Amino acid sequence: MEIVDYLRVARRRLWLLVGIPLVAGVAAALIVLLGPQQYAATSYVAAPALVGGSASQQYTGTQAANQFAAAFAAAVTSPQVVDQVAADTGVPADTLRDGLAVKQVGASSQLTVTYTADDRSTVAPVLTATGRRALAFLFTSQVNIATDEVKAATDELTTATRAINDWEKTNKVSQPDKLYQSTLQEIASLRQQQLQMQAVGNSRGADAAAESISAGQKRLDGLGPKLPDYQALIAQRDSATSALASARQGLQQARAQSQAADPDKVTSVGEVQPVSRMQALVALVLPVSGAGLLLAVLLVAVLEWLARSRRAGQPAAVGRATPAPTGGRRSSDDTVVLPAVTATVPEQHSRRR
């Protein structure tokens, strides 16, 4: 098809191309004009201490601001936060989802939360509750997790310490590893004394040192087989102690982030203002009219395709009446009957002679 063909089709179907967008735009305008007055307010979330900084923080790196913005936007519309805000304010969850909108301010970590509703009295409470619940969802949960880790590490340390105490009670010895080391040192000192006494001819002193050395060696022989089990218990206690120290450090960092995410410090709710109907008209009528125009174009295309398919499927007319040539006549069924030729060309030539 040429451009002229498209223009011809558009002129023939002009009532569709104009009527459908017009009806859609008028319907959208009626919805805006006849609907209740809308009210909106904006809450600003500015928490620079939560983004960047040390590697222990939750949002670090070059994409920290974008990650925080995406996480906060997801938290605002998450079922848990929406249900909590609905319980706090009495606004239905579906109404909250339709009215809340989160935007990032440029490439910074600052965010704006806008809420639009018919009831003016619910706008500010919804924004306040949303900011508080979303921040708690992102950072208070980290405190809860860190607290659970500290509790688990504390229980593990308690279990390891109790196992050591039970072992010492069963074997009737306290701190055998230290006792073993002190006995070794005592034996080494006695042997040195024994040598000195033997050198000066003090046989009685040398014999006494030998007896002490023998007694110490018996203690070593009794402690030696028991040390591996005790040392394994000591290793478990040391590991639990290290895990507890790490968990406490994580809890301290999580609490610091939670304090930095205090809603009273990082959020501020603006004044509630009525939404301009003109802005609402522009925001709704133009997209709806554009969608109506697209629908009209598609409908015209379908109608033209059906019309062409219908014409292409019709069979050619048979026996259609045509004007009869000179000397002919029409039969009763409108078929042209040509006049008979009575003379041939040779006969006409002989007559001329």
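Tutor: Start with Asp88. This residue counts as partly exposed, at 38% relative accessibility. Partly exposed lies between buried (under 20% relative accessible area) and exposed (over 50%), with a 1.4 Å probe and protein chains only. This is a predicted model, where local features need pLDDT of at least 70 and side-chain atom pairs count only at pLDDT 80 or more, while totals for chains, interfaces and linings use all residues. Residues are numbered from 1 along each chain as its sequence is written, and side-chain values use heavy atoms, leaving out hydrogens and water.

Now the partners of Asp88. Arg132 forms a salt bridge with Asp88, and their closest N and O atoms are 3.5 Å apart. Arg132 sits in helix H6 and Asp88 in helix H4, so this pair ties together parts that are 44 residues apart in sequence. A salt bridge here is a side-chain nitrogen of Lys or Arg within 4 Å of a carboxyl oxygen of Asp or Glu. Helices (H or I, at least four residues) and strands (E, at least two) are DSSP runs, numbered from the N terminus. Arg132 is partly exposed, with a relative accessible area of 36%.

Asp88 also forms a salt bridge with Arg133, with 2.9 Å between the closest N and O atoms. This pair again links distant parts of the chain, Asp88 in helix H4 and Arg133 in helix H6, 45 residues apart. Arg133 is partly exposed at 27% relative accessibility.

The structure holds five salt bridges. Another of them joins the side chains of Arg219 and Glu186, at 3.3 Å from N to O. Arg219 belongs to helix H8 (residues 203-223) and Glu186 to helix H7 (residues 176-200), so to speak distant parts of the chain, 33 residues apart. Arg219 is partly exposed at 36% relative accessibility. Glu186 is partly exposed too, with a relative accessible area of 39%.

Next, look at what H4 and H6 cover. Helix H4 (79-89) and helix H6 (123-171) are among the elements that cover the buried residues of H3, and so are strand S1 (39-45), strand S2 (100-104) and strand S3 (111-117). Contact means heavy atoms within 4.5 Å. The buried residues of H3 are Ala64, Ala65, Phe68, Ala69, Ala71, Phe72, Ala75 and Val76. Seen down the axis of H3, they fall within an arc of 170°, so they line one face of the helix. That arc is taken from the directions from the helix axis to the C-beta atoms.

One more stop, on helix H2 (residues 14-34), where Leu34 is found. Leu34 is exposed, with a relative accessible area of 71%. Val18 also lies in helix H2, and Val18 is partly exposed at 45% relative accessible area. The C-alpha atoms of Val18 and Leu293 are separated by 7.6 Å, although these residues are 275 residues apart along the chain.
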